[in-house]
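Me: I would like to go through a structure with you. Could you take my questions one by one?
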Amino acid sequence: MTEFEKMRSQQLYNFSTPDIEKSLVHAKDICRKLQTASIFDDNYRELIEDLIPGIPEDSVICPPFHCDHGNGITIGRNVFVNYNCTMLDGGRITIGDNVLIGPNCQLYTPQHPMDYVARRGTIETAYPVTIGEDTWLGGGVIVCPGVTIGKRCIIAAGSVVAHDVPDDSLAAGNPAVVKKKLNEQRTDE
């Protein structure tokens with residue numbers, strides 16, 4: 001198994017290998033080009049589709065945007081990602097349909113070793129992040145490695161999500177906790 005395959009399968013991996021470096025260099029080059037682009041530029045769509053393969057035509061990521069690989073990000077239909085989002089996608093990041101991500105949000109998958117000596121090296125683990133459909137992340141939300149946020153959730157601006165959030169929840173704080181259930185009266189689904 002390659003180090004890249006280990007990275008995507010939640011195993012300890014060495015992030016300094018040529019296969020991972022090649023992916024990082026590709027993403028950094030595209031992110032650099034996006035820094036001076038807007039969603040209205042002629043080459044925006046070509047750049048974002050090269051960075052995030054399979055991104056639907058009706059989904060938008062407003063530059064500037066930062067990621068490690070891009071190829072670890074799966075975005076659903078009708079997704080809007082506002083300015084200055086960071087997605088560290090060593091592990092997979094999956095975003096459902098109709099998700100809104102506010103400005104300055106950060107989605108992290110890498111987890112460095114707890115042992116300080118091991119942290120000096122070039123090893124880490126990456127845990128996937130999942131954002132369910134119809135969810136809204138307010139500005140400045142941080143989502144930690146391995147977290148799943150359910151469907152139809154609202155995460156309040158500035159929250160740090162360190163634990164899973166169930167469907168139909170409003171969560172807020174640092175660490176984010178569920179403050180109330182949402183959509184209990186809905187009958188149109």
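Me: How many residues lie between E18 and E19 in their hairpin?
Reply: Two residues separate E18 and E19 in the hairpin. Helices (H or I, at least four residues) and strands (E, at least two) are DSSP runs, numbered from the N terminus. This is a predicted model: local features need pLDDT of at least 70 and side-chain atom pairs count only at pLDDT 80 or more, while totals for chains, interfaces and linings use all residues. Residues are numbered from 1 along each chain as its sequence is written, and side-chain values use heavy atoms, leaving out hydrogens and water.

Me: In which sense do E18 and E19 run, parallel or antiparallel?
Reply: E18 and E19 (residues 176-181) run antiparallel, joined by five bridges. Pairing requires that DSSP find at least two bridges between the strands.

Me: And what is the partner of Leu170 in E19?
Reply: Lys180 is its bridge partner there. Leu170 also stands opposite Ile154, and strand E16 (residues 154-155) pairs with E18 (residues 169-173) in the parallel sense over two bridges.

Me: Changing topic, which residues of H3 are buried?
Reply: Tyr44, Arg45, Leu47, Ile48 and Leu51 are the buried residues of H3, buried meaning under 20% relative accessible area with a 1.4 Å probe, protein chains only.

Me: Why do they line one face of the helix?
Reply: Seen down the axis of H3, the buried residues fall within an arc of 160°, so they line one face. The arc is that of the directions from the helix axis to the C-beta atoms.

Me: What covers them?
Reply: The cover includes H2, strand E2 (60-61) and E3, with contact meaning heavy atoms within 4.5 Å.

Methods
Buried < 20%, exposed > 50% of the residue type's maximum accessible area, 1.4 Å probe, protein only.
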